Amino acid sequence: GALRDLCGSVRGVAAGPETHFGFQTVTEEERREKIYQVFESVAKKYDVMNDSMTLGIHRIWKDIFVHKMNPCPGTLLLDVAGGTGDIAFRFLNYVRSVWEGQLRQKLRQQQNLSWQEISQSYQEDKLKSLGDSQVVVCDINREMLKVGKQKAQHLGYSEGLSWVLGNAEELPFDDDKFDVCTIAFGIRNVTRIDLALQEAYRVLKPGGRFLCLEFSHVSNPLLSRLYDLYSFQVIPVLGEVIAGDWRSYQYLVESIRRFPPQEELKAMIEDAGFFKVDYQNLNSGIVAIHSGFKL
Amino acid sequence: GRACLSRTELRARDERSGEEEVGVSYQLYPGHIPTSSLQKALLAAGSAIMALYDPYRHDMVAVLGETTGCLALPSLRDKMKHHPEGYRILQERPCIRLSTLDMARLQGLPAGSLGREYVRFLEHNKVSPDTRMLPKFVDDEELAYVIQRYREVHDLMHTLLGMPTNMLGEVVVKWFEAVQTGLPMCVLGAAFGPVHLSARKLQVLATQLVPWAIQSGRNASCILNVYYEQRWEQPVESLREEIGILPPP
């Protein structure tokens, strides 16, 4: 990783491997830099823009995503490109409610114990309000992490949550560490998707699950045309009016078109070593959830 | 009044912001974002609403001006073309920027001169000519310059009309500019700007300032046809008379 970057900088920007930034052709280094700048620029208005562009529907997509994950208390989750924390907070809410449900269940079964014994066991369990579940939010962009931390403070999330600055292509974690690894609306912005998938595989425990939520391809021709019209005509305008930033949102809609469709992404996930790889379309393919297991 | 290094300067600014143009072949000038008619219509509506909602979004006022100026801008450009001084401005493309102004020299000019009063205005209101937005959505390179010139001349209008940059002053200048340029953005700004003013100010506005602004606007020759950079030494009074701006109430 480090050696590759060193070689890249010695060769010079012009000589680097070529890739895309939206509909432009750039080198990999240029792409990484441009994307960093896009997210630096949009960080503060990220959530407002998501709500405006998707009319709030992105919240439902993320809810479905965490429901599909169905984490049980005690799960250690790594949320890559987790930026402003949407998945992390939903995860914490989910495990908390499952844990509380389990506690209530346990209490109901303890009918024969004395009051003292019941209150003692209740207190012990209550101390770990999340049942030892933890989420690590990893993002490459400082501004996005900053916004995420502020949100967490504002919403009252502190337990079981940590924030790490890191690159999806080179995760700063040991092998076989996490139960679940997620990346929601982030993998599209990774320059080397294959490396990100390999890294996800590496840091997962055997039996661990990889889940990816991302914009994908709409096969229905009528819906596709309406979606394109909305994407290219309305979204950059929203970006200019709400965030004063046309170009970042122009990049966003272009990057969606450039991203591999469902089957291709499935093949890439399989190439990284995952088994039982499958995907589920939401809203006819506007968004897709891909899932794979490390065995 | 040298022509500023507008193209190189603007390109450097663009590169510093780290973004390249999409579809470079359609770009008519640095910073230009080509847009479809539908996009322009949506931008016009969106920027109008946002400008009303948050009057500190000066960028929205700028976008509104660009997307609605399709009739007024060509007419302004023609006025400039048919006037000797305006024609020279279109050829030489002067820009009012901190980098092109000799602030020390302007400050040294006698009180009452355009240069001195302009610098006094900038200092007193704590504004700078460099905060003007560059045009993005105008699909003609020359018209983009016309609207840029209009924005740069706006501060000079404040100086010539003697209006501060508070809400009241801005509205008065907008009335004057609406009559002068016919830009829909000025008309809308003039009509809706007063929404944010108190009753007392509204009264002063309606009884004294607006009638004066309209009369002056009608009486005056086209403000874009004055090569301000060559008239820093001219006394403000004399310039007012020459253009046809009536003395402020």
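The model is predicted, so local features need pLDDT of at least 70 and side-chain atom pairs count only at pLDDT 80 or more, while totals for chains, interfaces and linings use all residues. Residues are numbered from 1 along each chain as its sequence is written, chains are lettered from A and ligands numbered from 1 in the order in which they are written, and side-chain values use heavy atoms, with hydrogens and water left out.

Chain B has twelve helices and zero strands, where helices are DSSP runs of H or I with at least four residues and strands are runs of E with at least two, numbered from the N terminus. Of its 249 residues, 51% are buried, meaning under 20% relative accessible area; exposed is over 50%, and partly exposed lies in between (1.4 Å probe, protein chains only). Contact means heavy atoms within 4.5 Å. Among the contacts in chain B with a separation of 6 or more, 71% join residues 24 or more positions apart.

At the interface, 17 residues of chain A are in contact with 24 residues of chain B. The area buried between the two chains is about 1,700 Å², and carbon and sulfur atoms give 53% of it; buried area is the accessible area (1.4 Å probe) that two parts lose on being put together, summed over both. A:Val241, A:Trp246 and A:Arg247 supply 38% of the area that chain A buries against chain B, more than any other three residues.

One salt bridge crosses this interface, a salt bridge being a side-chain nitrogen of Lys or Arg within 4 Å of a carboxyl oxygen of Asp or Glu. Its partners are A:Glu240 and B:Lys136, at 2.9 Å from N to O. On the side of chain A that touches chain B, α2 (28-42), α9 (221-243) and α10 (246-258) each supply at least two residues, and α9(A) gives the most, with eight.

Over all chains there are 32 salt bridges. In one of them, the closest N and O atoms of A:Asp63 and A:Arg90 are 2.7 Å apart. A:Asp63 lies in helix α4 (residues 57-69) and A:Arg90 in helix α5 (residues 86-109) of chain A, so the pair ties together parts 27 residues apart in sequence. A:Asp63 is partly exposed at 35% relative accessibility, whereas A:Arg90 is buried at 17%.

In chain B, B:Arg105 pairs with B:Glu233 in a salt bridge at 2.8 Å. B:Arg105 belongs to helix α6 (residues 103-108) and B:Glu233 to the loop between α11 (199-219) and α12 (236-243), so this pair ties together parts 128 residues apart in sequence.
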